[in-house]
Amino acid sequence: MDDVGAALAQLQREGLYRRPRTIAGFANGRAEIEGHEVLVLCSNDYLGLRDHPAVREAAAEAAIRWGAGSGSSRLVSGNLELHEQLERELAEFKGSEAAVLFGSGYLANSGVIPALAGAGGVILSDAHNHASIIDGCHRSGAQTIVYEHADLESLADGLRRADGRPALIVTDAVFSMDGDLAPLVGIVAHAARHGARVLVDEAHATGVIGPGGRGLVAALGLERQVDVTIGTLSKALGSYGAFACGSRQTCDWLVNRARTLIFSTALPPPSAAAGLAALRLLREQPQLVDRLHANARLIRAELDAAGLTPGHVQLGAPVAAREGGMAVVGARVDARIPIVPLIVGDPHEAVRRCEAALAAGVFVQAIRPPAVPAGSSRLRLTVSAAHTAAELRQAARVLAVSVGVAGDGALPDVHLAPAVRPHRHPEQRDDEADAADDHQDHADRVDVDAACRGRDRKLQDRADRDQEQ
Ligand SMILES: Cc1ncc(COP(=O)(O)O)c(C=O)c1O
């Protein structure tokens with residue numbers, strides 16, 4: 001164990017040591033950490049559904065009706081009506097023939113990729129794909145060719161190297177660390193030309209983008225050109241678990257071949273029921289997605305105004321284009337995406353700025369290698385439909401002070417009033433406070449709309465000017 005001690009010490013020296021924060025309570029996009037209430041800007045609960053009363057009730061009722069666990073794999077005795085109902089509704093939502101549940105997004109990618117590609121085959125994987133995809137590729141036994149991030153030329157080159165062997169292209173739809181979008185139209189065109197199959201991971205696209213939150217594949221009308229989409233219940237749907245969508249035959253194959261489904265206990269009933277309740281809420285209230293988009297635009301505008309330009313600059317990589325003040329490498333940035341990276345570079349600096357922001361009442365996590373390439377450590381902000389405009393404005397001001405300093409090692413004292421109050425669950429709020437909050441919330445929404453209209457007008461003006469030139 002001396003080796004482990006030395007390796008941990010080395011991680012600490014490199015600024016790569018990690019420890020989980022203890023959350024003592026969570027509600028409405030805010031959490032209690034070490035006795036203080038902080039605004040959470042690092043959760044993937046994009047629609048604020050994880051603590052929605054209907055979702056919590058569905059989980060509780062399922063625990064009472066079905067029990068806490070499923071008891072075994074789907075293929076032994078764990079296949080519940082509830083799972084099949086959720087699969088039907090997910091397939092309908094995603095516009096696919098069928099869907100199959102997995103224990104998590106990590107398990108889905110680790111199981112589906114090896115079921116679709118094996119020895120003798122080739123996988124073309126985007127350089128920025130999520131770790132679960134990378135691990136799925138490793139497990140498959142296929143040759144993996146990593147193509148340059150969102151680079152269609154590099155993909156085409158990889159397909160030529162596949163030289164007629166069965167090929168599978170795998171990409172995130174919305175990249176989890178940068179929030180940029182995969183060039184899916186080009187990807188499916190290359191796939192068609194080379195007879196390759198396509199798997200798109202919509203973990204950060206489901207509930208986030210596309211008609212009613214159906215994802216990027218649906219937004220682009222590519223449901224028939226993409227062989228498998230992966231989605232999670234754990235992010236915008238506020239629960240836990242994941243699913244793969246595809247043809248009935250493909251899903252049948254996954255049930256028979258995906259080892260992470262066959263050899264793992266089926267999704268617990270409370271998670272499945274919570275996911276189903278969240279999905280139904282999303283279908284009934286697609287305006288939740290509009291609200292998320294408004295908040296994503298607002299935080300970008302506020303950060304910009306505070307002089308903190310969200311960055312996508314990968315050190316050492318060529319900057320292909322500039323869009324809305326952001327440096328973009330190949331992939332497309334869409335201001336509606338709620339993932340906003342603030343690239344700091346050095347991992348120690350990222351941690352220092354994370355601590356400074358937390359001390360000022362804003363929880364943004366420092367993301368460091370291996371989650372992101374060396375030299376691109378960052379604070380990865382994520383906003384949610386649950387945040388109010390006032391909260392996001394204050395967060396931008398806090399971040400401008402605690403994060404937006406040049407990398408000269410000098411971090412100013414944070415003087416902004418921290419948003420720290422003892423944590424109160426919504427049930428503990430008195431009526432008066434609720435009414436004041438509702439009032440403020442309504443006023444904030446009006447502001448968000450106005451801010452977005454202003455920004456959209458500016459973007460439109462710029463597009464008009466570009467066209468005239
Ligand atoms: C693109 C992507 N795929 C898959 C996963 C894994 O999903 P889960 O958290 O459900 O295991 C993540 C999680 O962050 C992700 O970002």
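Trainee: What makes Ala150 count as buried?

Mentor: Ala150 has 26 C-beta neighbours inside 10 Å and therefore counts as buried, because the label requires 20 or more other C-beta atoms within 10 Å of a residue's own, whereas 12 or fewer make it exposed and the range in between partly exposed, with C-beta atoms placed from the backbone. Please keep in mind that this is a predicted model, in which local features need pLDDT of at least 70 and side-chain atom pairs count only at pLDDT 80 or more, while totals for chains, interfaces and linings use all residues. Residues are numbered from 1 along each chain as its sequence is written.

Trainee: Where does Ala150 sit, and what is its phi?

Mentor: Ala150 lies in the loop between strand S6 (143-147) and helix H7 (152-162), where helices (H or I, at least four residues) and strands (E, at least two) are DSSP runs numbered from the N terminus. Its phi is positive, about 55°, although Ala150 is not a glycine. Most residues other than glycine have a negative phi, and most peptide bonds are trans.

Trainee: How do you know whether Asn28 is buried or exposed?

Mentor: Asn28 has 20 other C-beta atoms within 10 Å and is therefore buried. Asn28 belongs to the loop between S1 and S2, and its phi, near 50°, is a positive value in a residue other than glycine.

Trainee: Why is strand S16 described as largely enclosed by the rest of the structure?

Mentor: Strand S16 covers residues 377-382, and six of the six are buried, so the strand is largely enclosed by the rest of the structure. The burial extends to both faces, with Ser377, Leu379 and Leu381 on one side and Arg378, Arg380 and Thr382 on the other.

Trainee: What makes S1 and S14 edge strands?

Mentor: Four strands form an open sheet in the order S1-S2-S3-S14, with mixed pairing, and strand S1 (23-27) and strand S14 (362-363) are its edges, since each pairs on one side only. Within that sheet, strand S2 (residues 30-33) and strand S3 (residues 36-40) pair in the antiparallel sense over four bridges, and Ala31 has Val38 in S3 as its bridge partner.

Trainee: What makes a group of residues a nonpolar core, and how many residues has the largest one here?

Mentor: A nonpolar core is a set of buried Ala, Val, Leu, Ile, Met, Phe, Trp, Tyr and Cys residues joined through C-beta atoms within 7 Å, and the largest one has 133 residues, with Val112, Ile169 and Leu199 among those with the most contacts inside it. Helix H13 (residues 287-305) gives the largest share of this core, nine residues. Domain 1 (21-46 + 287-462) and domain 2 (53-282) each supply at least three residues, the bounds coming from an automatic or database domain assignment.

Trainee: How do you know what Val112 is in contact with?

Mentor: Contact requires C-beta atoms, placed from the backbone, within 7 Å. Leaving aside neighbours within four places in sequence, the contacts of Val112 include Gly136, Leu199, Val228 and Ala244.

Trainee: What makes Pro347 buried, and which residues does it contact?

Mentor: Pro347 has 23 other C-beta atoms within 10 Å and is therefore buried. Pro347 is found in helix H14 (residues 347-359), and beyond its neighbours within four places in sequence its contacts are Glu14, Gly15, Leu16, Arg368 and Ser377. The C-alpha atoms of Pro347 and Tyr17 are separated by 9.7 Å, although the two residues are 330 residues apart along the chain.

Methods:
Two strands pair if DSSP finds at least two bridges between them. Two residues are in contact if their C-beta atoms, placed from the backbone, lie within 7 Å.
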